[in-house]
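Trainee: I keep hearing terms used for parts of a protein. Could we go through some of them on one example?

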Amino acid sequence: MRLKAPTCAIRWLVPKLLEIERRYPELQVALTTTTEHSVNFKTEPYDAAIIFGTHQSAGDLLFEEALTPVASPDTPCDPQLSGTTFLHPTRDKTDWLLWLAHFPHETALKMHKNQYFDTMDLAITAAMQGLGVAMADETLVAGDLRTGRLCRPFSLSVKTGASYRLVVRRSQSKADGLARFRAALVNPASHDASSPDETAPAARA
């Protein structure tokens, strides 16, 4: 089974794939990571894909994006994040600006020092290495927070309106395997996965 997934979802996805392999050893998943966040089953060879964006309705909801700052436990973080390097997955600083708009502190945080990366995963990795504070989806970094590789300087998380969803190709020859994969990745009570005929919109670099 060929699966396409955005790089930003890998921290959440890889443990899930390991569990699926343990439960279904006969189900082989060939993972392709990409900075794209959409799929077109008419032109691409994948059997399933994780898509990301706003106003998505195809397939099954995996989780909604909720942003929160994260850093290494060794990174000093005062309430104003003074002297902190802000880590961004995009040059427009969209994620940090959205979160700061909901920050309740009396004095606004100032982003004087900034570093930019091609993906959220790279920014999170840099934060884990102590380079600064990254804005991350709380579901994607849940495992890193549990193990102490990352910490949350603030409890505030902000939903962006975007979500991660699983879509699958309609395939009679692989129907059983795709059904098992979907059941293992998605809440079984959710609606049946559908397959987009057109390219789903992308939303994150």
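Mentor: We will take a few terms and check each one against its cut-off. Keep in mind that this is a predicted model.

Trainee: Why is Ser163 called buried?

Mentor: Buried means under 20% relative accessible area. Ser163 has 8%, so Ser163 is buried.

Trainee: Where is Ser163 found, and what is Ser163 in contact with?

Mentor: Ser163 is in strand S8. Leaving aside neighbours within four places in sequence, its contacts include Ile51, Phe52, Leu61 and Phe63. Gly53, Gln56, Glu64 and Glu65 are also among them.

Trainee: What makes Lys93 partly exposed?

Mentor: Partly exposed lies between the 20% limit for buried and the 50% limit for exposed. Lys93 has 22% relative accessibility, so Lys93 counts as partly exposed.

Trainee: What makes S5 and S6 a pair?

Mentor: Two strands pair if there are at least two bridges between them. S5 and S6 (residues 113–116) have 4 bridges and run parallel. Thr85 stands opposite Lys113 there. S5 also pairs with S7 (residues 133–137), again in the parallel sense, over 2 bridges. Leu87 faces Ala134 in that pairing.

Trainee: How many strands form the sheet, and in what order?

Mentor: 8 strands form an open sheet. The order is S2-S1-S3-S8-S4-S7-S5-S6, with mixed pairing.

Trainee: Why are S2 and S6 called edge strands?

Mentor: S2 (30–34) and S6 each pair on one side only. From one strand to the next, the twist averages 25 degrees.

Trainee: Which strands does H5 touch?

Mentor: H5 packs on the sheet and touches S1, S3, S4 and S8. Its direction makes about 160 degrees with that of S8.

Trainee: How do you know where the buried residues of H5 lie around the helix?

Mentor: First, name them. In H5 (residues 175–185), Gly177, Leu178, Phe181, Arg182 and Leu185 are buried. Seen down the axis, these buried residues fall within an arc of 130 degrees, so they line one face of the helix. Their cover includes helix H1 (10–23) and strand S1 (2–6).

How values were computed: Residues are numbered from 1 along each chain as its sequence is written. This is a predicted model: local features need pLDDT of at least 70, side-chain atom pairs count only at pLDDT 80 or more; totals for chains, interfaces and linings use all residues. Side-chain values use heavy atoms; hydrogens and water are left out. Buried means under 20% relative accessible area, exposed over 50%, partly exposed in between (1.4 Å probe, protein chains only). The arc is that of the directions from the helix axis to the C-beta atoms. Contact means heavy atoms within 4.5 Å. Axes are lines fitted to C-alpha atoms, for helices over the stretch in contact, and angles run from 0 to 180 degrees between N-to-C directions.
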